[in-house]
Amino acid sequence: MAKRWYQEHQRDPWRRQAKNNGYRARSAFKLKQIQDKYNLMRQGDSVLDIGCHPGGWTQVAIEVVGMGGKVVGVDLRTTEPIPGAALMVGDVMDPLTLDRILSENEGNAFNSVISDISPNLTGRYDTDQAISLELSTMALDVAVKILAPGGSFVTKAFQGTGIELLVKACRGRFSFVRRFSPIASRNASSEVYLVCKNRKPNGSINESSPIAEITTGLREIGVLSSEQEDKEETVVGFRRL
Ligand SMILES: C[S@@+](CC[C@H](N)C(=O)[O-])C[C@H]1O[C@@H](n2cnc3c(N)ncnc32)[C@H](O)[C@@H]1O
């Protein structure tokens with residue numbers, strides 16, 4: 001197993017290219033391909049990078065927004081400093097993280113939220129896909145709270161149960177939504193990126209939180225139970241603490 005992983009790792013052309021170009025992760029090329037096709041970020045923009053460790057996407061975002069822009073990155077793990085970026089350790093599931101993100105941008109709305117957020121993979125697809133759906137929903141929830149009208153959002157998602165609900169929640173909040181699989185995603189990968197542009201102005205639609213909307217949708221298709229609905233509990237994402 002370790003030998004096979006090592007051989008694949010060595011053969012991976014994107015990993016080699018990342019190393020040659022000074023990017024910290026091969027995933028930098030996924031964002032470059034998304035950016036080339038959809039032009040999500042512009043020079044001078046303020047960008048939030050959710051799940052930024054080790055920093056490949058942050059590096060690409062800084063290249064795009066330039067000196068006049070602002071890039072804030074957040075991750076559970078510590079990211080080594082990147083000149084031009086404000087990097088913080090934080091959990092996107094924690095409401096306090098949102099306050100810290102906003103204060104990094106002096107309370108101003110962001111132009112773009114980019115999220116490559118992904119759980120620690122267990123290897124059990126259903127579990128990984130369910131946690132990924134929850135994380136992507138949290139990323140969308142943060143994005144809709146901090147984006148300026150017209151702003152853009154991209155998030156990673158794994159194909160499977162509930163992804164249609166996530167796409168629908170994006171469609172309600174952005175006027176342009178596409179699924180995109182960058183060629184830098186591994187051939188066998190079931191990951192897809194949801195690319196959203198043109199954030200509709202807050203209040204222009206009857207907007208509930210994406211978490212509430214997707215939770216209801218998951219209950220309707222029988223994925224989440226509603227047994228405990230009435231009990232007083234702290235709800236984070238789809239989970240109850
Ligand atoms: C695929 S990696 C991101 C790679 C990054 N885009 C790059 O190019 O270097 C996914 C990241 O999501 C982070 N993550 C997972 N759950 C998180 C959470 N609840 N809050 C913040 N970050 C989280 C992980 O720690 C991990 O570093």
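A backbone N or O atom of Leu 76 sits 3.4 Å from a nitrogen atom of the ligand, a polar contact in the sense of a pair of N or O atoms within 3.5 Å (within protein, one must be able to donate a hydrogen and the other to accept it, and residues adjacent in sequence count only if both atoms are side-chain atoms). Before going further, please note that this is a predicted model, in which local features need pLDDT of at least 70 and side-chain atom pairs count only at pLDDT 80 or more, while totals for chains, interfaces and linings use all residues. Residues are numbered from 1 along each chain as its sequence is written, and side-chain values use heavy atoms, with hydrogens and water left out.

## Around the ligand

The ligand is surrounded by 21 residues, and the closest are Ser 27, Gly 56, Asp 75, Asp 91 and Asp 116.

| Residue | Protein atom | Ligand atom | Distance |
|---|---|---|---|
| Asp 75 | side-chain N or O | oxygen | 2.6 Å |
| Leu 76 | backbone N or O | nitrogen | 3.4 Å |
| Ser 118 | polar backbone atom | oxygen | 3.5 Å |

With a relative accessible area of 33%, Ser 118 is partly exposed; the classes are buried under 20%, exposed over 50% and partly exposed in between, computed with a 1.4 Å probe on protein chains only. Leaving aside neighbours within four places in sequence, Ser 118 is in contact with Leu 135, Lys 156 and Phe 158, where contact means heavy atoms within 4.5 Å. From Ser 118 to Ile 131 the C-alpha to C-alpha distance is 8.2 Å, and the two are 13 residues apart in sequence.

## The chain and its helix packing

Taken as a whole, the chain has 8 helices and 9 strands. Of its 241 residues, 47% are buried. Among contacts between residues at least 6 apart in sequence, 65% join residues at least 24 apart.

How do H6 and H8 meet, and at what angle do their axes cross? The axes of H6 (residues 125-146) and H8 (residues 210-220) come within 9 Å and cross at roughly 145°; these axes are lines fitted to C-alpha atoms over the stretch in contact, and angles run from 0 to 180 degrees between N-to-C directions. On the H6 side the contact involves Leu 133, Thr 137, Met 138, Leu 140, Asp 141 and Val 144, while H8 brings Pro 210, Ile 211, Ile 214 and Leu 218. By class, this contact has 8 nonpolar, 1 polar and 1 charged residues. An α-helix has 3.6 residues a turn, so residues three or four places apart point the same way.

Thr 155 lies in strand S5 (residues 147-158) and is buried, at 0% relative accessible area. Its side chain makes a polar contact of 3.1 Å with the side chain of Ser 115. Not counting residues up to four places away in sequence, Thr 155 touches Ser 115, Ile 117, Ser 136, Ala 139, Val 192, Tyr 193 and Leu 194.

A search of the whole structure finds 0 disulfides.

## Backbone details

Most residues other than glycine have a negative phi, and most peptide bonds are trans. Asn 39, in the loop between helix H3 (28-38) and S1, has a positive phi of about 50° and is partly exposed at 37%. Glu 106, in the loop between helix H5 (95-104) and S4, has a positive phi near 50° and is exposed at 68%.

His 53 and Pro 54 are joined by a cis peptide bond, with omega about 0°; Pro 54 is found in the loop between strand S1 (46-50) and helix H4 (56-65).

At the start of helix H2 (residues 13-21), a side-chain oxygen of Asp 12 reaches to within 2.9 Å of the backbone nitrogen of Trp 14. After H2 comes Gly 22, with a positive phi near 80°.

Notes:
Helices (H or I, at least four residues) and strands (E, at least two) are DSSP runs, numbered from the N terminus. Ala, Val, Leu, Ile, Met, Phe, Trp, Tyr, Cys and Pro count as nonpolar, Asp, Glu, Lys and Arg as charged, and the others, Gly among them, as polar. A disulfide is a pair of cysteine sulfur atoms within 2.5 Å. A residue is near a molecule or strand if one of its heavy atoms lies within 4 Å of it.
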